[in-house]
Amino acid sequence: MGEKEKGVKGCGAFLAHKIGWAPLVRLSMANSRPHPVSFLLGSLIVSLLVGSAYYWIIVASFLKPDPGFVGCRPDSEGSWSIGIYYGKSPLSLSPIELQQNRINANSSAWPVANPVLTCKTLSVVGYPSNFVADPFLYVQDNNLYMFFESKSTLTMKGDIGVARSTDQGATWEFLGIALTENWHLSYPFVFNYQNQIYMMPEGNKKGELRLYRATKFPLEWKLEKVLIKKPLIDASMVQYDGFYWLFASDFTRPGTEKNAELEIWYSRSPLGPWLQHKKNPIYKADKSLGARNAGRLFIYGGSLYRPGQDCGSTYGKRVRLYKVEKLTKDEYKEVPVELGFEMPRKGRNAWNGNRYHHFDAQQLQSGDWIAVMDGDRVPSGDVTWRFLIGCFCFSFAVSMTAFLGFIRGILKSVSTSSYCLVLFRRNESGTFRSYPRFNLKWRKFFNGAYKSRYCLREKMNPNSWLGMLVFCIFSLVGLAFVCMGVQFLYGGNGAEQAYSYKGQYSKFTMVTMTYKARLWNLKLYVKHYSRCESVQEIVVVWNKGAPPDPSEFDSAVPVRIRVEKVNSLNNRFKPDLLIKTRAVFELDDDIMMTCNDVEKGFRVWRENPKKIVGFYPRLIDGDPLLYRNERYARGKNRYNLILTGAAFMDSQFAFNRYWSEEAREGRDFVHKNFNCEDLLMNFLYANSSYSNSDYGRTVEYVHPAWAIDTSKLSSAAISRNTQKHYDIRTKCLAKFKEIYGPLPIEKLEFGTRQDKWDK
């Protein structure tokens, strides 16, 4: 091969190397090094592995829809569900979970909690739905009927569903789809006129406001007439001062006026004819004012009230209430008043934590008021935004990886072949000599690149500390964006929401025991766990020192400080008449875990309310009995005891049992040793006929995704000397066995649940 021929080949290899074709070109140069494409592929593989690990460790442990379950799919309109409220006045209502008479022992719902109707209610009985919203009540004798919009998972349009309650709203039975059309339906305003039941749903896609009459209530309806040939939305009707008044919004309005416009029509009969108010449109500018209706108008104390939607920051952000001061054919005036509803502070973890946009209140025969309200934990368009952000995170991570590969290739590439430079000598003829300007540009480009490469390599040598630091920072940032992309695309809506059981939700009380030396820990504890959806109250058993003021805590639920006179571990299980829930979650103030794991534990306890359900298993065996750690139980794949430092139990049974006369000797032993109160509770459960009906199984384990013991960061823990702690607990086992008999003979295996929450 000639000299010139070698130069051309060397230059070709160099160019191929620079533009990323080196894997296709076999270089025989002895000083070749790993190619940037290999680095790029390696980085992508590492990113894929990290993303997969993040998904299985973090994302997969959170609530996900069952792939085989049709319904409750992510929807850009939201994940609306429906709750129920009670009160002496429509201006002062409280949720169902605060009503002490609303319980359902069959589903361990003590109390029943909102939401009472969700997309799952319909989906499990064969009507796949993405969400339920716009509820209206119809009271008939002792029965409550709720009509609502259900967005079908199959057709992606709204239908009108109906559910019935025979116990004043504690439980609801879905009866079926009451009305469906070829276009979207919502806002099913239901009313009675001359002993006939009518429904006036929104169907603006049809371009008219229609009225339907029930032929066989509540599931069969026929079109009665078209009231107004105009695409009106969220139309509500009320009889007031000798006229029927119809409030609605015109959806043909441009831009933001769609949610900022209000019109009023009037008639002598709900069947029409309808005439426009002289000042129409009443509103047409600010969508945060509540122009668009948010439910049925109602009369209270002789005054007329209108609920409206605040759509300022997002669609349906909240309900505003207005008191109508003047309503005639020529004039209209209303003023804002307080709705008397406190916005939840749990954010996405609450079923209505982000927005609520519909309110329907009705007075019962007893004189009390009942209301239904819908709510959503995410803003409008959340699914779309999460997808876009996830794609951006992945794109950014890939771009950073490609950039690192490019820089690494420049810094580690082979030197420019001397043969390549032959072509660019002025006295040498070659292919490029026929194009002087082209030749000069290429010469300048490669000379500049050649010099820049050495300048960059000198400043960012990958083998130097500075170079390694820069590459590590870029790599960590890239991996962080990979994890963020996985979270946004596959992590759901980010909510750690409650799990229903038999179609119902409930609440529990958290109880923790602490003292002044651990106050900093308690504040962190309260702030975190008060945001868990099913937590109704946090009770702090204060054993020693001056108690803090509850206002010191950043809490989304009430915090009650129960000051004890004697510093004793027995105080943890003292009967407390102020606890209004059947379930209590005893949790040490130095344990931090996810709300999702707490909700899983509550769900399992509701299946087995006669058991201790917790997160720290132990296997107690041997002769004599020995106390060992969880590693021993895992090695044997068995457990028969649950530590009550993180466990659910029946407050009524467990506390009364612990403070019974039968348990006095055990309590004295616990107080003397300042240890073993959790072991005593397990022995009391094991030897009770109440909890021993399930073939001797008195405990059940739930595996947390992760749990942090913050006592390791403090000198205030009672069990820092592990061996001494275990020795005392071994003595406790012997004492309790002597007093109360053995623990259950049957030892439970890990991983026997179908959902694998006990793996």
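This is a predicted model: local features need pLDDT of at least 70, side-chain atom pairs count only at pLDDT 80 or more; totals for chains, interfaces and linings use all residues.
Student: Why does Lys88 count as exposed?
Tutor: Its relative accessibility is 67%. Exposed means over 50%. So Lys88 counts as exposed. Lys88 is found in strand β1, residues 81-89.

Student: What makes the link between the side chains of Lys88 and Asp368 a polar contact?
Tutor: The distance is 3.1 Å. The cut-off for such a pair of N or O atoms is within 3.5 Å. Leaving aside neighbours within four places in sequence, Lys88 is in contact with Gly367, Asp368 and Trp369.

Student: Why is the pair of Phe147 and Trp221 called edge-to-face?
Tutor: Check the centres, then the planes. The ring centres are 5.9 Å apart, and rings pair within 6.5 Å. The planes are at 85°, and over 60 counts as edge-to-face. So the pair is edge-to-face.

Student: What does the pair of Phe147 and Trp221 tie together?
Tutor: Phe147 lies in strand β5 and Trp221 in strand β11, so the pair ties together parts that are 74 residues apart in sequence. Both residues are buried.

Student: What makes the pair of Phe396 and Phe481 tilted?
Tutor: The angle between the planes is 40°. Stacked needs under 30 degrees, edge-to-face over 60, and the rest count as tilted. The centres are 4.4 Å apart. This pair links helix α4 with helix α7.

Student: Why does Phe396 count as partly exposed, and why does Phe481 count as buried?
Tutor: Buried means under 20%, and partly exposed lies between that and over 50%. Phe396 has 31%, so Phe396 counts as partly exposed. Phe481 has 19%, so Phe481 counts as buried.

Conventions:
Residues are numbered from 1 along each chain as its sequence is written. Side-chain values use heavy atoms; hydrogens and water are left out. Helices (H or I, at least four residues) and strands (E, at least two) are DSSP runs, numbered from the N terminus. Buried means under 20% relative accessible area, exposed over 50%, partly exposed in between (1.4 Å probe, protein chains only). Contact means heavy atoms within 4.5 Å. A polar contact is a pair of N or O atoms within 3.5 Å; within protein, one must be able to donate a hydrogen and the other to accept it, and residues adjacent in sequence count only if both atoms are side-chain atoms. Rings of Phe, Tyr and Trp (its six-membered ring) pair if their centres lie within 6.5 Å; planes under 30 degrees apart count as stacked, over 60 as edge-to-face and the rest as tilted.
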